Amino acid sequence: MVNFTQVVEFVLLGFRGGPGMQATLFAAFTLLYVAAVVGNAGLAVVIRADARLHTPMYALLQSLSVLDVCYSSTIAPRALLNCLGRGHKVSLGSCAAQFFFLSLFGTTEAFLLAAMAYDRLLAIRTPLLYPLRMSPRVCGLLVSGSYAGGLLNAVTQTTMTFTLSFCGPNEINDFFCDVLPLLSLSCSDTLTNQLVLLGLCGSIIVGTFLVVLVSYASIAAAILRIRTAQGRHKAFSTCAAHLTAVCLFFGTVFFMYAQPSAGSSMEHSKVVSVFYTVVIPVLNPLIYSLRNQEVRRALRKGPQRLCRG
């Protein structure tokens with residue numbers, strides 16, 4: 001009879017490289033994290049402070065900004081400790097907590113991006129009925145529904161993953177606790193987990209992406225029916241920022257989970273993980289502020305209001 005020792009902590013291997021590389025990574029992570037928090041928190045404050053931005057579109061954008069702060073905060077602090085050589089070991093409970101919040105915020109963002117696409121569809125296809133169909137109540141239901149979907153996936157994935165037995169190697173070849181490296185370390189039969197991962201996560205990713213795809217196909221058809229070039233440009237400009245954010249998010253997610261997880265591709269996976277967990281939260285406020293005239297106007301008038309106050 002073989003005796004197994006139950007794993008009580010994991011070791012996050014992080015990125016390869018000596019002290020010089022780790023110092024560079026620490027500086028890069030610090031810069032990205034600060035930019036993500038300041039950019040998204042600033043955008044959320046601007047939307048809250050400007051009464052003209054109290055519309056469903058900006059309420060959803062404000063929710064996305066808060067979500068991105070939470071998402072990057074789940075990853076970056078642990079990654080910074082890892083670069084300093086102090087955060088390689090993580091307890092089973094801490095790993096489960098990080099895994100839960102990553103699943104929650106990542107899934108919620110997918111649902112929220114789909115809700116934002118639906119909002120733009122209503123605004124362009126039925127502008128006269130838009131205030132009725134996208135009321136504050138409906139907007140609130142879309143946000144709460146996005147979190148409910150994220151919570152369902154997070155509870156399911158976390159429960160199924162951390163009820164497995166971990167009795168062998170405890171080194172996670174990543175800088176955070178993700179599902180695929182954890183399944184590879186389990187000494188239990190993970191077939192059911194893999195099927196649930198494929199079915200549940202796959203349906204969420206594909207389903208939300210299809211909502212975005214169908215919404216923007218309908219939006220494109222509506223824009224092409226607008227007779228004036230100025231009208232077409234105005235309609236397209238309201239969607240361009242969101243479409244850019246959607247392409248970044250879903251593009252990196254598809255790339256991340258469509259590639260093999262063994263061998264040298266794990267190093268590539270880490271780079272992609274940095275992109276969709278830290279870099280995208282940095283880019284989102286830039287995308288939405290630079291391509292949106294109302295946000296730019298609010299940003300310019302913000303300091304003026306502070307000076308008068």
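1. Start with the largest nonpolar core, which has 64 residues. Phe-29, Leu-61, Phe-175, Phe-250 and Tyr-288 touch the most other members. A nonpolar core here is a set of buried Ala, Val, Leu, Ile, Met, Phe, Trp, Tyr and Cys residues joined through side-chain atoms within 4.5 Å; buried means under 20% relative accessible area (1.4 Å probe, protein chains only). Among the helices that each supply at least two residues are α1 (19-49), α7 (191-224) and α10 (293-308), and α3 gives the most, with 14 residues.

2. A word on the basis: this is a predicted model, where local features need pLDDT of at least 70, side-chain atom pairs count only at pLDDT 80 or more, and totals for chains, interfaces and linings use all residues. Residues are numbered from 1 along each chain as its sequence is written, and side-chain values use heavy atoms, with hydrogens and water left out.

3. Have a look at Phe-29. Leaving aside neighbours within four places in sequence, Phe-29 is in contact (heavy atoms within 4.5 Å) with Phe-15, Ala-79, Leu-80, Cys-83, Phe-175, Val-274 and Val-278.

4. For the overall layout, the chain has 10 helices and three strands. These are DSSP runs, numbered from the N terminus: helices are H or I of at least four residues, strands E of at least two. The C-alpha trace spans about 75 × 45 × 35 Å along its principal axes.

5. Finally, 47% of the 309 residues count as buried. Of the contacts with a separation of 6 or more, 78% come from residues 24 or more positions apart.

Key
Buried < 20%, exposed > 50% of the residue type's maximum accessible area, 1.4 Å probe, protein only.
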